[in-house]
Each structure stands twice: as C-alpha cells, then as structure tokens.
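Open the structure in your viewer and follow the stops below. Each one says what to select and what is there.

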Number of protein chains: 4
Amino acid sequence: VIYNALATTDEMNEVFSDISVIESMLGVEAALARAQATLGIIPPPAGESIAAAAATVEGFDAAVLARDARQSGTMAIPLVDALRAKVRAVAPSASEFVHFGATSQDIVDTAFVRLIARACVLLRRDHEALAASLRDLSDRHASDVMLGRTLLQPALPITFGLKAAGWFAGVTRCWNRLDASRAELSVLQFGGPVGTLSAFGDRGLPLADALAEALELSAPAASWHGYGDRPAHFVAACGTYVGTLGKIARDISLLMQPEIAEVAEPGGGSSSMPHKRNPSGCAIALAAAGRLPGLVSTLMSGLVQEHERSLGAWHAQWTAVVDAVQTTGSSLSAMRGVAEGLTVHPDRMRANLDATRTTIPSSAGPADHLGAAEALRRRLLKGD
Amino acid sequence: VIYNALATTDEMNEVFSDISVIESMLGVEAALARAQATLGIIPPPAGESIAAAAATVEGFDAAVLARDARQSGTMAIPLVDALRAKVRAVAPSASEFVHFGATSQDIVDTAFVRLIARACVLLRRDHEALAASLRDLSDRHASDVMLGRTLLQPALPITFGLKAAGWFAGVTRCWNRLDASRAELSVLQFGGPVGTLSAFGDRGLPLADALAEALELSAPAASWHGYGDRPAHFVAACGTYVGTLGKIARDISLLMQPEIAEVAEPGGGSSSMPHKRNPSGCAIALAAAGRLPGLVSTLMSGLVQEHERSLGAWHAQWTAVVDAVQTTGSSLSAMRGVAEGLTVHPDRMRANLDATRTTIPSSAGPADHLGAAEALRRRLLKGD
Amino acid sequence: VIYNALATTDEMNEVFSDISVIESMLGVEAALARAQATLGIIPPPAGESIAAAAATVEGFDAAVLARDARQSGTMAIPLVDALRAKVRAVAPSASEFVHFGATSQDIVDTAFVRLIARACVLLRRDHEALAASLRDLSDRHASDVMLGRTLLQPALPITFGLKAAGWFAGVTRCWNRLDASRAELSVLQFGGPVGTLSAFGDRGLPLADALAEALELSAPAASWHGYGDRPAHFVAACGTYVGTLGKIARDISLLMQPEIAEVAEPGGGSSSMPHKRNPSGCAIALAAAGRLPGLVSTLMSGLVQEHERSLGAWHAQWTAVVDAVQTTGSSLSAMRGVAEGLTVHPDRMRANLDATRTTIPSSAGPADHLGAAEALRRRLLKGD
Amino acid sequence: VIYNALATTDEMNEVFSDISVIESMLGVEAALARAQATLGIIPPPAGESIAAAAATVEGFDAAVLARDARQSGTMAIPLVDALRAKVRAVAPSASEFVHFGATSQDIVDTAFVRLIARACVLLRRDHEALAASLRDLSDRHASDVMLGRTLLQPALPITFGLKAAGWFAGVTRCWNRLDASRAELSVLQFGGPVGTLSAFGDRGLPLADALAEALELSAPAASWHGYGDRPAHFVAACGTYVGTLGKIARDISLLMQPEIAEVAEPGGGSSSMPHKRNPSGCAIALAAAGRLPGLVSTLMSGLVQEHERSLGAWHAQWTAVVDAVQTTGSSLSAMRGVAEGLTVHPDRMRANLDATRTTIPSSAGPADHLGAAEALRRRLLKGD
C-alpha cells in the first residue's frame with residue numbers, strides 16, 4: 001500500500017501479500033493432513049482431499065478472512081472454516097479431519113515462520129551484494145587519505161579504505177547474528193490446543209517430526225505457544241543490522257553535503273528544485289533505522305505472555321515481525337544501491353584534509369598517523 | 001492486508017487505502033491550483049485544468065507510484081509527474097503550473113493531515129459510544145459490591161459502579177487530550193522548498209491562508225517542515241488512549257477468568273475447542289496496547305530532524321502515524337463492542353467477596369468501607 | 001552517580017537525591033497526620049507527634065530503605081515502619097495513627113508528584129532563558145541570508161533569523177504542552193487501599209481536599225491508583241520537548257562542521273587532540289533525545305494496569321518519570337548554554353550560499369526568494 | 001539511589017558505584033601505561049609512576065568528575081586531567097605519558113566492558129540457581145495435572161511439570177543468547193583518536209593485543225568507536241531474558257490469585273492491609289520487563305552513529321547498558337527468590353480442573369490428553 005511504500009520493496013510485498021499469506025497457511029494444513037494420513041491418524045483419502053483443497057487459494061477471499069479475523073481474534077479460524085467448507089463440497093466425510101488436533105497458533109506461527117524464511121533469502125542476496133560492494137570500495141580506496149571525524153569535528157587522518165572496511169565489518173557482524181537468529185526461528189510450531197499434542201496419543205511426537213521435515217523446518221523440543229523469544233531475538237537482530245545500515249547512510253549523507261562533497265550516492269530528484277540531487281537511498285535506510293527500534297520494543301514487551309497462549313501479545317507479534325522484515329528489506333535494498341552506485345572523490349578528501357592543517361598540529365600529519373591503518377583494514381575485511 | 005488485519009478496521013482501511021491517499025494528495029494539488037488562480041498567481045484556465053485533472057484518480061496507478069516513490073524517496077514526485085502528464089494531455093500550457101511553488105512535503109503532509117482528520121471522526125464516534133456504555137454500566141451497577149484487587153490480590157470492597165466510573169473517567173481524560181492534539185495537528189503544511197513561500201512574493205501568506213481555508217485546516221504561523229512535534233504529540237495521545245483501553249481490557253479479561261467469572265465480554269470462538277469462549281475483543285485491545293508504545297517512540301526519535309527538511313525522519317513519519325491511528329481505531333472499535341456487550345454477574349462479585357472474608361479482617365466489611373464510593377463514582381462520571 | 005552523569009544536572013540530582021525523596025514522602029505523611037488531626041480523624045496530639053517525627057530525615061537510612069523496598073516491592077512500607085518506630089519512641093500511643101487509612105501508593109505517588117513540580121520550576125527557568133536567547137538570535141540575524149538545506153542538500157536561501165525563529169516557535173509549542181501536562185500531573189494521590197477512602201466514612205472527601213490544599217496540589221475527582229495516563233502524558237511532553245531540542249542540536253552541530261562553519265557553540269575540549277573543539281552541549285542534548293523515546297515507551301506500556309493497583313507497571317513508573325525529568329533538565333541546561341554562547345558567522349553563511357550559485361538556478365537568488373521570510377519570522381516569534 | 005531502588009540489587013549497585021567506575025577507568029589507564037612501558041613506547045619509570053597513581057581512587061572526587069563530565073561531554077577528560085595532576089605531583093616528567101595515544105572512548109568503553117563482565121558473573125550465578133529451581137519444580141510436579149489456559153480461559157489439561165519445564169527451557173534459551181552476546185561484548189576498545197592507533201607506528205597492533213591480554217578481554221579486528229552493535233546486541237539479549245522472566249512472573253502471579261490459588265510466591269506485605277500477601281518478587285520482575293524494551297530501543301536508535309565517533313549516541317550508550325544490566329539483575333534476583341520459595345498446591349490444580357469438566361467435553365479428559373506431556377517435558381529439560 002502507498003502509505004508505507006518506503007518501508008518495503010516489491011519483492012517483500014509479494015512475500016507478505018494476502019495470497020502469499022493464505023497459501024502459506026494452506027500449505028501447513030495440507031502438510032499436516034498428508035503427514036496424518038501417512039501415520040494413520042486420519043484416513044488417507046481424507047488427507048488427499050484436504051491437501052487437494054488446500055493446494056490453491058481459490059475460494060478464499062482475503063477481505064472476508066480479514067474481517068472475520070477481527071471477530072475471532074485470529075485469521076486461522078475463518079481460514080479453517082473456509083477450508084472445511086471447500087473440502088465438504090467435494091468430500092463431506094473428510095471435512096471433519098481438516099485441522100485435526102491442531103490449534104490456530106500452530107497454523108499461523110508456522111505459516112509466518114515459512115514466509116520469514118523466504119524473506120530471508122532476499123535479505124541474504126542483498127546482504128552479499130552489499131558486502132561485496134563495500135569490500136570492493138575498501139580495496140579500491142585503500143590508500144585514499146581523508147579526514148577522520150569525531151563528534152562531527154575533524155580529528156586525524158584515516159583512509160577511505162579503512163572507513164569502508166569498518167562498514168563491511170559492521171554489516172558482516174550484524175548479518176551473522178541475523179542469520180543465526182533466522183535459523184533459530186526456522187522451527188515448527190505444533191502442539192495442539194495446549195501444547196501437549198493431546199489428540200495424537202503416542203503418535204504426537206512422530207507427527208511433529210514428520211511435519212517439520214515436510215515443511216523443511218527444525219523440530220523444537222516442544223511447541224512454543226507462550227514464548228516469543230525466538231521472534232523477538234530475530235527482530236532484534238534485524239534492528240541491529242538496520243541500525244548499522246543507518247550508520248553507513250548517516251556517514252554517506254554527511255560526506256555528500258556539497259561543502260564536503262567526498263562521496264555521492266546515485267540518489268533521486270526533487271519535486272520543486274530541478275538542480276537538486278537528494279540522497280534518497282540514505283533517506284530510506286535512515287527511515288528504516290527510525291522504525292526498527294519501536295518494532296523491537298513491541299516484540300520485547302510482548303514476551304510477557306500468559307500461560308499456554310497469551311491474550312494480546314501473540315495477536316500483536318507477527319504484524320510487528322513482518323513490518324520489521326519488510327523494513328529491513330527496504331533498507332538493505334536501498335543501501336545496496338547506494339554502495340553499488342557510490343561515487344568517491346579522493347581529491348576532495350585530500351583537499352578537506354589539507355584545509356584543516358592550520359588547526360591540526362603539524363605533528364599529526366598523515367605520514368605519522370597511518371602506519372596501522374592498512375593492517376587494520378585488512379583485519380576488518382577478514383570479517384571481524 | 002491480512003497480515004495486519006487485527007490492527008485496523010474496515011473503515012480505517014478505507015480511509016488509508018491507496019485510492020484515498022491518492023485522492024487526498026490530488027485534493028491538495030487541486031485546491032492549490034484554484035487558490036493560485038483566484039489570487040492571480042497562475043492563469044485561471046490553468047487552475048481549472050489542473051483542478052479538473054486532479055478531480056479523479058483515473059490515470060494514477062498505485063503500484064507504479066509506490067515503486068517510483070522508493071526511487072525518489074517520496075510519493076509526491078511520481079504523483080506530481082503523473083498529474084502533469086494528465087494535464088498536459090488536455091491543456092499543454094497548464095502543465096507547468098501544476099504544483100507551482102510547492103514542495104513535496106507540502107502535499108504529502110497536508111494530505112495526511114486531512115486523512116487523519118477523517119479518521120478522527122470515526123474515533124470520536126466510537127469513543128462517544130464507548131463512554132456512554134461505560135457510564136451506563138456504572139449507573140446500572142452503582143451499588144453492586146465486589147472485591148477491589150491490588151497487585152492481583154484481593155484487598156477491600158469496591159463497587160462495580162466505581163470501577164466502571166474509573167474506566168469512564170480514564171477514557172474521557174484520554175479522549176480530551178487526543179482531541180486537543182488532533183486540533184493542533186489539523187494545520188496546513190505549506191511553505192515551498194525551504195518554507196519561505198519563495199515563489200509567491202507578497203502573495204505567499206494570502207495564498208497560504210486561502211489554501212488552509214479551502215481545505216478546512218488551520219493556518220499555522222509558518223510551515224513546519226523540520227518539526228515533527230505536532231504528529232508526535234498526536235500519536236502520544238493515541239498511545240495514552242490505547243494504553244488506557246488496554247487497562248480496561250486487562251481488567252475485563254481478568255474478571256472473565258472462569259474461576260472469577262464476574263463479567264464476560266461477547267468474545268469469539270476457538271479453532272480447536274468448541275466449548276471455549278475467548279475474550280477476543282480484549283485481545284485486540286491488548287495487542288493494540290502492545291503496538292502503540294513502539295510507534296510513539298518512533299515518532300519521538302524522529303523529532304531530531306535536520307535543517308529545513310530531514311533525511312529519514314520525515315520519511316518514516318506518516319507510516320507510523322497512520323499505523324497508530326488505525327491501531328487506535330481497532331482498539332476503540334473492539335472495546336466499544338466489549339462494553340456494549342458486557343455481561344455482568346453481581347452474584348459472583350458478591351460470592352468472591354464473601355469467600356475472602358476469612359482473610360480480610362471483619363472490620364473491613366463493606367458496611368464500613370463504601371461510604372465515599374458512591375460520591376467518588378459521581379465525581380468521576382462528571383468527566384474527571 | 002557517575003555512570004549517568006550526562007543525563008542529569010547538579011540541581012536535578014539534588015531534587016531527586018535520597019534525602020529529598022525521603023523528605024518528600026515524610027512531608028506527605030506529616031501533612032496527612034495534620035489534616036487528620038484537624039478533621040478529628042486522629043487525636044490532635046498524635047498528629048503533632050507524627051508531624052514532628054516526619055519533620056526531619058534523622059533516623060531514616062536510605063540504604064536500608066532501598067534494600068527493604070526490594071523485599072516489599074515499595075519504599076513506602078519500610079519508610080512507614082521507620083516512621084512508626086520513630087514516633088513510638090517518643091509517643092507510643094501515636095504510632096498507630098501513622099499512615100492512617102492511607103496506602104503505599106498514596107504516599108509514593110504524591111511524594112513524586114511534589115518532586116516533579118519542584119523539578120519543573122528548574123525546567124521553566126531554563127526554558128525561559130533558552131527561549132529568550134533564541135528570540136534574540138533571531139532578531140539580531142533577521143536579515144542574515146544563508147542556505148536553506150533539505151535532505152542535507154542545499155536548497156534555496158533563508159535567513160538565520162527565520163531559522164532561529166523556527167527553533168523558538170518549536171520550543172515554545174513544546175513548553176506549552178509540557179506545562180499543561182505538568183499541571184495535569186500536579187494532583188494529589190489519595191484513596192486508601194482500594195481508592196474508596198474506606199477508613200474515613202463521610203470525612204474522606206474533606207480529608208482529601210484538605211490534604212491537597214496543604215500540599216498545594218489539585219484534588220482530582222478520585223484517586224488514580226490504576227491509571228498512569230497523567231505521568232505518561234507528562235513524560236510524552238518531555239519527550240516532545242527533548243526531541244525538539246535535539247533538532248536544534250542537530251542543526252547547530254551540522255552548521256558547526258568546519259567545512260560549513262556558520263555557527264559554533266562554546267563546546268568542550270578533547271582528551272587526545274588539543275586543537276579540537278567539540279560541540280559537547282549538543283552532544284548532551286542529542287544523548288537526551290536518544291533516551292527519551294525509550295522512557296516514553298515504558299510509560300506507555302505501563303498504562304495496562306491491573307484493577308485497583310497494578311503488579312509491575314506501577315513499580316516501574318516513577319523511576320522512568322524521574323529519569324525522564326532529569327534527562328530533560330540536562331538537555332535544557334545544555335542547550336541553554338549553547339544558545340547563550342552561540343557564535344554566528346554571517347560571512348560564512350553568505351559564502352556558502354554564494355558557492356552554490358553554480359548549482360542553484362539564477363532565478364532562485366535571494367532577491368526573489370525572501371519576500372515572506374521576515375513576515376514568517378515575526379509570526380513565529382509571536383509563539384506560533 | 002532510592003528512586004530506582006527496585007531496578008537494581010545491592011551487588012549490582014556496588015559494581016556500578018562511583019568508586020567502582022572510577023577504579024575501572026583507572027585500571028585501563030594503568031594497564032595501558034604498563035603495556036606501553038613494556039613495549040618501549042613510554043619510559044618504564046613513567047609507566048610505573050602512572051600505574052602507581054592509578055592504583056587507588058584517592059584524589060578522585062566523583063562529584064567533581066561528574067560535574068566536569070557535563071562540561072566536556074565525557075568523564076574521561078576530567079579523570080585523565082586528575083590522573084595527570086596526581087602523577088605530576090610525584091613524577092613530573094611522567095605526567096605527559098598519561099593516556100598516551102589513547103582517546104576518551106578507549107578508556108570509557110573498555111572500563112564499562114570490564115564492569116559488564118563483572119555484572120555478568122552475578123547474572124550467571126542467579127541464572128544457574130533459577131534454572132536449577134525450575135528444573136526441580138518440574139521434576140517434583142511431573143505428574144501433577146492442572147488446567148492449561150489459553151487467552152486467559154481454560155483449555156485442556158497439562159501438568160505443572162510441563163509448565164515448569166517450559167519456563168526452564170525459556171530461560172535456558174535466553175541465557176545462552178545472553179552469554180554469547182556477553183562474550184561478543186567482552187572486547188577491548190582501543191584505537192586512539194580516530195581508530196588508527198596513530199601514535200604508535202608499527203607497535204600499535206602489538207600494543208592493542210597486549211592491552212587486551214592484560215585486561216582479560218578479546219582483541220577485536222580493530223577499534224569499534226562508531227559502532228554500537230555489540231552493546232545493542234547484548235542489551236537486546238538482556239531484554240529477551242527479562243521478558244521471559246516477565247512471562248514466568250505473569251504466570252505465577254495469575255496462578256496466585258486466591259480464586260485460583262495453585263501456587264504462591266514468598267512475597268511481601270502491605271502498608272495498609274496486614275492480611276495481604278503480595279507477589280512482590282513478580283512485581284519486580286514485571287517492572288523490569290516494562291523497562292527493558294525502552295532501553296533496548298535506545299540502544300537500537302543509537303546505532304546511527306556519525307563517522308569515527310558519534311555525537312550523542314555514544315554519550316547515551318553506557319547509561320542505557322548499565323541501566324539494562326542492573327535491571328536484569330533485579331529481575332533475576334527476584335525470580336530466583338520466587339522460584340526457590342514457590343509453594344505449589346496440586347490439590348487446587350486438580351480442583352480447578354475438575355470444576356471445568358462441565359464445560360470441557362468429556363472426551364477431553366486428562367486420560368486422553370497427557371500422552372505426550374511427559375515426553376515433551378523431558379525434551380524441554382534437555383535445554384531445548
């Protein structure tokens with residue numbers, strides 16, 4: 001939608017579109033029915049009928065599901081009702097086996113876990129391209145001397161290669177954390193009404209394992225209905241990454257001020273001033289960095305969940321996670337474009353440095369000060 | 001969209017739909033052109049052509065605008081381009097007067113200010129209905145004695161009338177603040193590229209006043225391009241209101257625990273347990289209360305804006321405001337339903353109170369303790 | 001304490017010191033005893049004994065009170081115990097009338113409300129000095145032309161007088177909100193265990209009114225034990241003010257970059273680079289602006305309070321309010337110093353503007369663009 | 001201090017006391033001087049003189065340092081000045097070698113990293129005791145059947161052993177993350193003014209490695225002056241842990257409502273109602289869970305740091321980290337006490353379950369529903 005256009009990308013929009021969300025939930029119901037049929041928990045023909053009905057979004061109306069979700073407090077209830085009706089129309093006896101032994105949260109959580117995994121493939125692609133660009137910038141400008149600046153004041157010389165290596169190491173550290181938290185979140189949610197797999201007797205654990213395998217997810221020790229730590233940890237990792245991208249965007253937009261003019265991102269135009277080139281990629285990354293802290297805090301507050309399923313915290317959880325992932329995607333995509341299209345002006349770097357010589361004591365000239373810079377740069381590019 | 005279905009309502013969705021956002025922006029461009037024509041700033045026929053082209057959303061493709069917005073950093077640029085093209089097709093000489101002297105932020109901010117005003121009409125309606133229900137609950141149960149509970153432990157007797165009067169006074173205080181901040185936010189944004197009305201010479205202030213009047217907004221002393229305090233203050237008021245609704249939802253859901261069973265909201269069902277009645281209205285209100293603090297913090301962080309228009313903070317602002325308003329609407333709508341459909345069980349209130357007599361000393365019985373309760377109840381119902 | 005030295009001032013430290021907090025709580029107990037004696041609720045000699053014992057902090061050990069508070073969950077309980085013991089030592093029969101009919105929250109909340117009021121006197125003094133400085137800066141530089149900058153890029157000319165007038169209007173709007181919310185928070189908290197004034201029969205309301213008058217606070221319709229909206233609204237107003245101060249600090253620190261060099265704050269030195277002058281006042285204001293959003297969100301989350309006194313939300317409330325007020329004081333004090341000591345370089349403003357003429361089209365020169373700037377400046381200085 | 005007594009512990013208070021902070025900073029200066037002397041960077045006698053002067057806090061006045069820190073924007077500057085003066089008094093020629101080649105941030109960050117490490121030893125001790133108690137509760141009540149509750153309504157039976165095993169697995173997951181982020185944060189900060197080790201030529205890297213070893217910290221690839229991801233990640237892990245403790249506190253306080261009465265924590269008393277036993281341990285944990293999300297969001301916002309050292313974000317960082325660690329300690333300490341002193345009432349669990357039989361369909365009795373509960377419990381106790 002337009003009002004939050006800057007906080008997503010076309011691809012992320014597609015991953016979390018209504019159709020995609022419905023497909024993901026139906027995919028869980030289908031896998032459940034198949035696994036139950038295989039294990040003899042439901043009649044095999046019922047499993048087939050359910051899987052067939054869940055194979056397409058035909059007959060599921062997103063607007064109606066959303067409206068009904070506001071009544072029941074979860075989109076699982078209207079979706080299961082609609083699936084039952086669709087099954088009943090072709091195989092009446094199978095309809096009672098739809099969603100058998102499962103609870104709403106099993107379906108919703110697992111569906112979103114799968115969508116997050118898809119979104120993370122996009123994030124990884126953009127991260128790798130961004131990291132490669134930053135490494136390349138660092139290598140190409142390894143010996144281009146520039147002012148180091150602290151507290152927005154000139155300090156002593158550094159190289160642009162060292163600065164870009166710092167950016168590289170920052171996003172690398174953050175990606176490694178994000179990737180680890182992604183793996184932790186890629187787990188099945190399946191426990192039935194209170195997490196005891198109560199409908200399945202001694203076939204509960206084999207069913208959970210089979211379902212996890214079918215959906216290409218890890219099988220946790222038990223369901224995690226009342227625990228939001230995995231999503232919270234993941235969104236925190238998104239927040240750390242997006243904040244570090246914001247740091248890079250802040251650096252670049254400061255260096256792009258025309259009085260400094262040491263770098264320039266490709267940028268965008270102005271509706272009123274044709275002569276103007278705006279750092280619009282940085283703007284998107286900085287907007288994202290303003291948004292994530294609030295989303296992280298929502299997930300953190302939402303950890304205080306009641307008993308075997310919470311009232312409210314769960315209901316707020318996935319909206320915040322999806323907002324966070326999409327915003328992370330918008331920032332990464334923007335900063336990838338910024339890094340790939342960055343223009344660097346070593347002459348201006350040198351000129352700005354020279355202009356401060358009157359204030360920086362002569363003993364602090366570059367000759368004395370850059371001894372370790374190249375060694376540090378190489379260490380940072382190893383990935384920190 | 002489905003993934004955040006619980007954080008809005010059908011009506012709010014409509015207010016902030018793509019078509020509605022585009023219409024609101026076009027409405028600002030149309031009013032601008034008309035006012036400029038009236039004041040002789042642009043040729044009257046150009047004003048008419050622009051207003052005519054901006055009268056319908058025909059020819060504006062939301063998906064394309066969103067994509068282009070991600071390039072330019074604002075949806076105003078592609079929208080103005082599309083409007084110019086539409087005008088040019090029928091009145092070539094008029095197209096150069098589209099968006100004349102305005103800046104992207106003038107259009108975007110004013111458009112959202114108008115949409116927020118529309119949303120607040122819905123909020124007011126639901127607030128008034130909710131407040132009336134709470135007052136009515138208080139009156140009907142003025143003398144129904146129940147346990148007062150502190151730190152989730154029984155304390156001394158109160159009346160349900162007093163408790164409901166507290167709810168009434170709480171939402172009334174919060175609404176009054178929200179309404180005041182709404183009025184503060186209902187101001188025109190119009191200053192041109194740097195807020196100096198630079199294109200208009202001495203007709204700038206008259207134009208701003210005329211535009212404000214045409215759009216039924218207040219005219220501020222000057223444009224507020226680099227200042228987010230009005231939106232932040234408004235969202236904070238939403239946050240305080242939604243948090244207080246969360247307090248009511250918490251109270252009701254606690255009283256609805258079957259071991260206590262003093263009230264029940266209409267609620268919703270369960271996908272797995274037909275015998276179960278869930279407090280789904282309270283769930284939506286509590287989810288909203290989990291979401292607002294993060295949105296408020298985003299607006300607060302976003303106050304640190306650079307110079308005459310910020311890089312990033314502005315770009316994050318309206319998404320957060322719109323998310324906040326829609327979530328406020330979802331909470332109000334849910335709690336209105338909860339209050340209107342609340343079942344009260346005075347017998348259970350009495351029974352739970354009696355059951356604690358063994359622990360509450362006899363000197364603390366209701367006879368001694370409710371002297372001021374009715375007077376306090378009446379004071380609270382005056383609106384605090 | 002050192003670890004948060006930058007987030008307070010000496011004066012604020014004193015207002016919220018251990019002795020000051022204890023004195024404020026004792027002051028409430030003393031006023032309560034006196035009012036109860038006057039109304040005949042407790043024996044007048046008991047009232048005198050209690051008031052006398054509560055007149056000094058002698059015999060109250062802050063470290064012990066803090067430790068005991070962690071056991072009982074509130075500092076009121078150990079304080080009341082210590083006061084009872086002190087009274088008992090001189091007037092045994094009076095000790096049972098200590099804290100008579102009151103609840104912990106009555107004392108704690110009222111004590112903090114009083115301390116906040118004291119802190120707000122400091123805030124007002126610094127606000128008024130800051131606003132006067134900003135107005136003066138605006139007047140003195142009314143016609144000094146400089147670059148307006150949007151998205152960190154040069155746009156069109158403005159005057160420094162207009163920019164400073166924007167700062168003035170921003171802090172004025174924010175102060176007015178803060179001051180209104182301060183008044184709303186300056187209310188007595190007094191209701192007894194469950195808010196019903198249960199111990200006092202028909203003398204409860206007169207007692208509450210007398211107590212409010214004695215403590216120079218407003219008397220609310222009823223106690224507000226389960227409602228955090230007043231503190232939350234107040235802290236949100238602090239957040240909006242501090243964020244706007246952060247905007248000014250951001251502007252000034254950007255203009256102080258030596259490549260721009262249009263203004264300079266008095267600043268501080270560097271531990272490693274004697275040639276360096278850092279914008280340390282702006283640093284403190286920007287640190288404060290990074291801290292408030294989180295505190296606001298804590299207050300907002302804390303609105304979801306259970307029944308007649310919450311479990312946890314209340315226990316987190318005043319720490320966050322006090323942190324917020326002290327941090328507001330640190331920002332105001334720092335920015336007052338920045339504004340009072342600001343050096344302005346109109347020549348550099350002009351030079352930077354001239355340097356952009358090659359990129360700004362000639363039709364956009366100052367002559368054409370500053371028509372309304374002075375009028376807008378005057379409007380802003382009226383207070384918005 | 002009293003106003004935030006509930007958000008710390010005596011031990012944590014000691015770790016972050018003024019003396020302790022000063023000692024930690026002096027310890028870094030001493031280790032630096034010794035390492036520089038060893039490597040021949042400064043004269044060995046100077047190294048000895050500096051280390052001797054830095055060995056005690058004598059001559060360092062916390063109140064004065066705090067006041068001066070507000071002028072210079074960092075406590076390193078007044079501390080280094082005071083240390084230089086102390087050295088000069090006994091070895092004039094050595095004083096110029098104090099803090100040689102280092103920058104304020106090197107000292108401050110490394111000092112806080114060391115204090116955090118000390119605080120984490122306390123956290124680990126309390127975590128291990130808490131985890132042991134939860135495991136023990138789970139084992140002792142492995143077969144005590146109780147109601148599973150979802151959305152605050154009764155659902156199907158679980159065992160208390162399974163519930164406690166969920167708590168155990170939750171804190172175990174969270175501790176493992178916290179511990180990993182602690183290790184990531186236990187790194188030296190040392191780079192000199194702009195991170196290039198500019199004063200040391202080719203001895204910079206050996207010096208950094210020697211310093212890290214002396215302080216028992218890891219040596220990172222390079223200094224991290226402009227990067228807050230390590231502290232932010234650590235505080236996020238604290239937030240996730242504290243939120244999960246909040247979940248346990250919520251569960252226990254709900255089960256302790258007298259109408260349910262299935263468990264009771266040791267708790268505290270009431271200032272007004274002698275018959276009352278409050279869940280004051282849970283109150284502290286829930287207060288902590290209300291505080292951490294805001295602190296996490298401050299750290300996340302603070303990731304957007306300018307260039308080689310930020311203006312403001314760095315200045316806000318350690319206060320927030322220390323607040324977070326102390327609050328984590330308060331929650332852990334409280335919940336350790338709660339778990340160790342928890343009274344469990346299996347008879348009430350059974351009675352409450354039986355009372356719902358009229359509403360839970362008979363087919364859903366415990367016999368049918370607890371097949372997998374014990375297997376799940378054992379899996380959870382393996383650590384998830």
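**First stop: a partly exposed glutamate**

Select E184(B). E184(B) is partly exposed, at 29% relative accessibility. The classes use a 1.4 Å probe on protein chains only: buried means under 20% relative accessible area, exposed over 50%, and partly exposed in between.

Before moving on, note the ground rules. This is a predicted model, in which local features need pLDDT of at least 70 and side-chain atom pairs count only at pLDDT 80 or more, while totals for chains, interfaces and linings use all residues. Residues are numbered from 1 along each chain as its sequence is written, chains are lettered from A and ligands numbered from 1 in the order in which they are written, and side-chain values use heavy atoms, with hydrogens and water left out.

A salt bridge here is a side-chain nitrogen of Lys or Arg within 4 Å of a carboxyl oxygen of Asp or Glu. The pair crosses between chains: E184(B) sits in helix α7 (residues 160-185) of chain B, and R177(C) in helix α7 (residues 160-185) of chain C. Helices are DSSP runs (H or I, at least four residues), numbered from the N terminus. R177(C) counts as buried, at 7% relative accessibility.

**Chains B and C together**

Show chains B and C. Superposition is by least squares on the C-alpha atoms of residues with pLDDT of at least 70 in both copies. The same surface serves both: 100% of the contact residues of chain C recur in chain B. Contact means heavy atoms within 4.5 Å.

**Chains C and D**

Chain C superposes on chain D by a rotation of 180°, with 0.0 Å of shift along its axis and an RMSD of 0.0 Å. Which C-alpha of chain C is nearest the axis? Pick G294(C): its C-alpha is 1.8 Å from the axis. Here too the same surface serves both copies, as 100% of the contact residues of chain C recur in chain D.

Colour the interface next. In it, 61 residues of chain C are in contact with 61 residues of chain D. The two chains bury about 4,800 Å² between them, 61% of it on carbon and sulfur atoms. Buried area is the accessible area (1.4 Å probe) that two parts lose on being put together, summed over both. Select I2(C), Y3(C) and R70(C). They supply 19% of the area that chain C buries against chain D, more than any other three residues.

Which helix gives the most to the side of chain C that touches chain D? Select α10(C): it contributes eleven residues. By class, this side has 27 nonpolar, 25 polar and nine charged residues. Ala, Val, Leu, Ile, Met, Phe, Trp, Tyr, Cys and Pro count as nonpolar; Asp, Glu, Lys and Arg as charged; the others, Gly among them, as polar.

**From chain D to chain A**

Select D229(D) and R173(A). They form a salt bridge, with the closest N and O atoms 2.8 Å apart. D229(D) lies in helix α9 (residues 229-255) of chain D and R173(A) in helix α7 (residues 160-185) of chain A, so the pair joins two chains. Both ends are buried: D229(D) has a relative accessible area of 1%, and R173(A) has 9%.

**A pair within chain A**

Go to R125(A) and D126(A). They too form a salt bridge, the closest N and O atoms being 3.2 Å apart. R125(A) is partly exposed, with a relative accessible area of 35%, whereas D126(A) is buried, at 7%. Over all chains, a search of the whole structure finds 104 salt bridges.

**Last stop: a loop serine**

Finish at S186(D), in the loop between α7 (160-185) and α8 (204-214) of chain D. Is S186(D) buried or exposed? S186(D) counts as buried, at 11% relative accessibility. Its side chain reaches the backbone oxygen of R182(D) at 2.9 Å. Leaving out residues up to four places away in sequence, S186(D) touches V113(D), L217(D) and S218(D).

Conventions: A polar contact is a pair of N or O atoms within 3.5 Å; within protein, one must be able to donate a hydrogen and the other to accept it, and residues adjacent in sequence count only if both atoms are side-chain atoms.
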